[in-house]
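The sequence and the structure come first.

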Amino acid sequence: MSIIKEENGFKYIEEGEGDVLLLLHGLFGALSNFEEVTNAFKSQYKVVIPLLPIYELPLLTTGVTTLAKYLVKFVMYKKLKNINLLGNSLGGHVALIFTLSHPQYVKTLVLTGSSGLYENAFGGSFPKRENYEFIKEKVAYTFFDPKMATKELVDDVYQTVNDRFKVLRILSMAKSAIRHNLSKDLYKITIPVCLIWGKNDHVTPPEVATEFHNLLPNSELNWIDNCGHAPMMEVPNEFILYLNRFLERVLLK
């Protein structure tokens, strides 16, 4: 596993050299979600994964725009430019807001299971915190293959939603993501965009990917069968194939 660096109030992973590939995790995501992608691309790219401070923000400012502002500070601090920006779930939403507000930094954009148009984070219900089976079911709901919901992953989510401090921020962040609909702004993103979507995503269903594809003027849409909300974890080889093909095509132009 990669070493997490801590500098200037930022926690992040950085591996490799070359063009920047910056990866953004989702609401319950961790840096390890991108382990396979990091290993596949660090020989050609500088892979950077900041840890988004979802639980460190003051409750009143917890929201997607605050995370996008945090990303701006991180990018400035690291002096990153010509970024290939990739976001999963909430991370995709943050990537979109960042791209809209600071287009000069972003060369390409990759979205997978991204919020920004619609999401169904808890199936519309407040997480039943004390109920381990319910949490297990919800984690399994994220994937096509329920076996992906390992005990370690379920334990981690269970612990998080049973921390009152954290659960308030999760709910605040989820509400902010639902409120912050970007459908009217997506036409402004004219850089190449690659959508990689699980055909069996229940959180941001396939019609969300189709809507993103229709609203983003320079986008391509790649489907992965038998795959849920986190393709880079569930079907990493296929995800890496689509990502590599897109980056090679766009960057070699």
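A residue counts as buried under 20% relative accessible area, as exposed over 50%, and as partly exposed in between. Lys188 has 47% relative accessibility, so it counts as partly exposed. The model is predicted. The points below take the sheet first, then the helices, then single residues.

- Eight strands make up an open sheet with mixed pairing, in the order 1-2-4-3-5-6-7-8.
- The edges are strand 1 (5-7) and strand 8 (219-224); each has a single partner strand, so one side of each has no neighbour in the sheet.
- From one strand to the next, the twist averages 25°.
- Strands of a sheet pair through backbone hydrogen bonds, in a parallel or an antiparallel sense.

**Antiparallel pairs**

- Three bridges link strand 1 and strand 2 (residues 10-15), which pair in the antiparallel sense.
- Lys5 has Tyr12 of strand 2 opposite it.
- Strand 2 also runs antiparallel to strand 4, with four bridges between them.
- Glu14 has Val48 of strand 4 as its bridge partner.

**Strands 3 and 4**

- Strand 3 and strand 4 are joined by four bridges and pair in the parallel sense.
- Val48 in strand 4 is the bridge partner of Leu22, and Val48 is also the bridge partner of Glu14.
- Together with helix 1 (residues 35-41), strand 3 and strand 4 form a right-handed β-α-β unit.
- Of the six residues of strand 4, five are buried, so the rest of the structure largely encloses this strand.

- Strand 6 has seven residues, six of them buried, so the rest of the structure largely encloses it.
- Strand 5 and strand 6 run parallel and are joined by six bridges.
- Leu86 has Val110 in strand 6 as its bridge partner.
- Between strand 5 and strand 6 the chain passes through helix 3, in a right-handed β-α-β crossover.
- Strand 6 and strand 7 run parallel as well, joined by three bridges.
- Val110 has Cys194 in strand 7 as its bridge partner, while Leu86 is paired with Val110 in strand 6.

**Helices across the sheet**

- Helix 3 (residues 90-101) lies across strand 3 (19-24), strand 5 (83-88) and strand 6 (106-112).
- The angle between helix 3 and strand 5 is about 145°.
- Helix 9 (residues 236-251) lies across strand 3, strand 4 (45-50), strand 5, strand 6, strand 7 and strand 8.
- Helix 9 runs at about 160° to strand 6.

**Helix 5**

- The buried residues in helix 5 (residues 151-161) include Val154, Val157, Thr160 and Val161.
- Viewed down the helix axis, the buried residues of helix 5 lie within an arc of 125°, so they line one face of the helix.
- These buried residues pack against helix 4 (132-141) and helix 6.
- On the face turned away from the buried side, helix 5 carries the exposed residues Lys151, Glu152 and Gln159.

**Ser176**

- Ser176 is in helix 6.
- Its relative accessibility is 7%, so Ser176 counts as buried.
- The Ser176 side chain reaches the backbone nitrogen of Val64 at 2.9 Å.
- Leaving out residues up to four places away in sequence, Ser176 touches Thr62, Gly63 and Val64.

**Lys188**

- Lys188 sits in the loop between helix 6 (164-179) and strand 7 (193-198).
- The side chains of Lys188 and Asp185 make a polar contact of 3.0 Å.
- Lys188 and Val203 are 15 residues apart along the chain, and their C-alpha atoms are separated by 25 Å.

**Glu220**

- The side chains of Glu220 and Asn222 are joined by a polar contact of 3.0 Å.
- Apart from neighbours within four places in sequence, Glu220 is in contact with Val193, Cys194, Leu195, His213, Phe246 and Arg249.
- Cys194, one of these contacts, is the residue in strand 7 that has Val110 as its bridge partner.

Notes
Residues are numbered from 1 along each chain as its sequence is written. This is a predicted model: local features need pLDDT of at least 70, side-chain atom pairs count only at pLDDT 80 or more; totals for chains, interfaces and linings use all residues. Side-chain values use heavy atoms; hydrogens and water are left out. Helices (H or I, at least four residues) and strands (E, at least two) are DSSP runs, numbered from the N terminus. Buried means under 20% relative accessible area, exposed over 50%, partly exposed in between (1.4 Å probe, protein chains only). A polar contact is a pair of N or O atoms within 3.5 Å; within protein, one must be able to donate a hydrogen and the other to accept it, and residues adjacent in sequence count only if both atoms are side-chain atoms. Two strands pair if DSSP finds at least two bridges between them. Axes are lines fitted to C-alpha atoms, for helices over the stretch in contact, and angles run from 0 to 180 degrees between N-to-C directions. Contact means heavy atoms within 4.5 Å. The arc is that of the directions from the helix axis to the C-beta atoms. A crossover is right-handed if, with the strands pointing away from the viewer, the path from the first strand over the helix to the second runs clockwise.
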